[in-house]
Amino acid sequence: MTNPFVRRDGVLHAEAVDLTEVARIHGTPCYVYSRQAFTEHFNAYQQAFAAQKALVCYALKANGNLAVLNLLARLGAGFDIVSVGELERVLAAGGDASRVVFSGVAKREDEMARALSAGIKCFNIESVPELDRLNTVAARLGKRAPISLRVNPDVDANTHPYISTGLKDNKFGIAIEDAEAAYLHAQSLSHLDIVGVDCHIGSQLTTLTPFLDALDRVIVLIGKLAAQGITLKHIDLGGGVGVDYQGEVPPSLIEYAAEVRRRLDAHDYTRSLSVILEPGRSIAANAGILLTQVEFVKLSDAKAFAIVDAGMNDLIRPSLYQAWQRIERVDEQDDGKARTQASFDIVGPVCESGDFLGKERELSLAAGDLLAVFSAGAYGFTMASNYNARPRPAELMVDGNACHVVRERETIASLWHGEHCLPH
Ligand SMILES: Cc1ncc(COP(=O)(O)O)c(C=O)c1O
Ligand SMILES: N[C@@H](CCCC[NH3+])C(=O)O
C-alpha cells in the first residue's frame, strides 16, 4: 500500500500537496484525505475477495463525507448504514440502494419504511422484536423485506471494550444459541424474506483468529438452518481488519479471503453463499490526517503542554478510547526558530481535562508549528461535535497535486440554526 503522507525536503505532503500550503490556504484545524489511499484501500478488499462474489459494503460511520461515498460508489462499493441519515447520504452521493445493508440495534419504523421504499439489499436484524416491527412496516407498505439476522457468536475480539461487539454482554445481535429459533420465527412472518446471516464481533482486530472463530460458529448455525429447510444467499462477515496506528500489523486480506473460502467450500450448505463485508476503518483511517496548529507552549515543573487548535470535539478517539494516534510536526526543516524539546501532552482548547490528542509525545515545538495527527480518516470527522460552540473543521481531499474542499468549515452562525428564543 502506498503511503499518501510522505515527507519531501522535511515537509509533510499529502500525495503531491504541501500540507503547510493547505494550512495557509484553508486554515486549521482541518481534515485532509487522500483520494489515492481511499481508492487503494477499497480496491484491496475488492481484489482479495474477487473470486467469491463478494460485495464490499463500506461502513460509512467511519467517514461519511459525500466525496468519499461518491468515490467509493464509482469503484463499485456497496454500503453498510446504521441510520436513515446514512442512507440519505449514500443516495445523495450517487450510491445504489440495492447495494446497501442496514445494521443497528434500534431502527425506527420510519427508517425501516424509507429503506424499504428505497429498495435496500438487506436489513441486518438484531432482535426478535425488530423482526416483528419490520414485518409490520413491510405489510403496511405492501412490500417484502429482505433480512439477515445479526448473530452474536460470543467471541472475544481482543480489542478495546467500547469497540468489542461480539460478546454475550454486548448489546449487539442475537445470541447464537437463540438464532435458530429466531430464524424459525422470521420464517413464520408474512412479509419477510430470509436472505442471509450476519456477524460483526468488533473493530480494530489485529489478528484473523477471532474473525475465523466467529465464522466457524456461524457456519455451524447455517448447517442447522439448512437442516430446517432455511437456505441463505449470503453471509455477512461484518467490519474489516484493524489498521496500523502504532506499529500494529493488520491481517492480510488475501489470507483472510483464502481462509473464508476454505471454510465455506467445506460444506454443501455454505459453498454457494455470496460474501458481504462491511469494512470502515481499514479503508478510511490511514487515508486521512488532522491538521492542527500549536497555539501555545505551556511549561511548568510538572508538565509540558502543547495547546493546539483542535480538540476532543474535532477528534474524540484519544479522549474516548485512550486511542494512540501518531503526531508529527508538518514542517521539520531547520528554520532557526527557538523550540522547546520535551515530552509534550498535546491538548486542545475544550474545557475538559480529558481533552487531549496525545500524551507524552517527545517533540520539539514552538507556537505556530503545524502538527499532523495521523490515522484520522476514520471515526474522526464523523464523531466530531460542536461542544463548546466550536464549528466542525473543514474536510479536504487531495488528488495528485490538487486539493479540493469536500466539506466547508462550519460557520459559527450555522451552530444556532433551528434554535429559538422563548416568546416574551
Ligand atoms: C455492524 C458494523 N459493521 C461494520 C463496522 C465497521 O467496522 P470497521 O470500521 O472496524 O471496519 C462496524 C463498526 O465496528 C459495525 O458496528
Ligand atoms: N468509533 C470507534 C469504532 C466504532 C466501531 C463502530 N461499531 C473508533 O474510533 O475506534
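Okay, contacts along the chain: among those between residues at least 6 apart in sequence, 71% join residues at least 24 apart. By contact I mean two residues whose C-beta atoms, placed from the backbone, lie within 7 Å. Keep in mind that this is a predicted model, where local features need pLDDT of at least 70 and side-chain atom pairs count only at pLDDT 80 or more, while totals for chains, interfaces and linings use all residues. For the labels, residues are numbered from 1 along each chain as its sequence is written, with chains lettered from A and ligands numbered from 1 in the order in which they are written.

Not counting residues up to four places away in sequence, Ile-289 touches Phe-5, Val-32, Ala-372, Val-373, Phe-374 and Ala-376. So is Ile-289 buried or exposed? Buried, because it has 29 other C-beta atoms within 10 Å. The cut-offs: 20 or more other C-beta atoms within 10 Å of a residue's own, placed from the backbone, is buried, 12 or fewer is exposed, and in between is partly exposed. Over the 424 residues of the protein chain, 47% count as buried.

Now the overall picture. The protein chain has 12 helices and 21 strands; these are DSSP runs numbered from the N terminus, helices being H or I with at least four residues and strands E with at least two. The radius of gyration is 23 Å, close to the 22 Å that the globule rule gives for 424 residues, so the chain is as compact as a globular protein of that length. That radius is taken over C-alpha atoms, and the rule is 2.2 Å times the number of residues to the power 0.38. Along the principal axes, the C-alpha atoms fill a box of roughly 75 × 65 × 40 Å.

Next, the domains. There's domain 1, at 5–33 + 285–416, and domain 2, at 104–277, with bounds that come from an automatic or database domain assignment. How many residues does each domain bring to the contact? Six from domain 1 and six from domain 2. On the domain 1 side, those residues divide into three nonpolar, three polar and no charged. Here Ala, Val, Leu, Ile, Met, Phe, Trp, Tyr, Cys and Pro count as nonpolar, Asp, Glu, Lys and Arg as charged, and the others, Gly among them, as polar. The centres of the two domains, taken over C-alpha atoms, are separated by 37 Å.

On to ligand 1. It is surrounded by 15 residues, and the closest are Ser-203, Gly-239, Gly-240, Gly-280 and Arg-281. To be in that shell, a residue needs its C-beta atom, placed from the backbone, within 6 Å of the molecule. The shell divides into three nonpolar, nine polar and three charged residues.

Arg-281 turns up again in the UniProt record. The unreviewed entry lists Arg-281, Arg-317, Tyr-321, Glu-352 and Tyr-379 under "binding site". These span 99 residues in sequence, and the farthest two C-alpha atoms are 26.9 Å apart, so they do not all gather at one spot. A word on the record: positions are in the numbering used here, feature names are shortened, and annotations may be inferred rather than shown by experiment.

Let me pick out Tyr-379. It's in the loop between strand E19 (370–373) and strand E20 (394–399), and is buried because it has 25 C-beta neighbours inside 10 Å. Leaving aside neighbours within four places in sequence, Tyr-379 is in contact with Ala-62, Arg-281 and Arg-317. Its phi is near 55°, a positive value in a residue other than glycine.

Glu-352 is in the loop between strand E17 (340–347) and strand E18 (356–365), and with 14 C-beta neighbours inside 10 Å it counts as partly exposed. Cys-351, where the unreviewed UniProt entry places "active site", lies in the loop between E17 and E18. Cys-351 counts as exposed, with 9 C-beta neighbours inside 10 Å.

Two backbone details to finish. The peptide bond from Thr-28 to Pro-29 is cis, with omega near -5°, and Pro-29 is in the loop between helix H1 (19–26) and strand E4 (30–34). Then there's Lys-53, not a glycine, with a positive phi of about 45°. Lys-53 sits in the loop between helix H2 (35–48) and strand E5 (55–59), and is exposed, with 12 other C-beta atoms within 10 Å.
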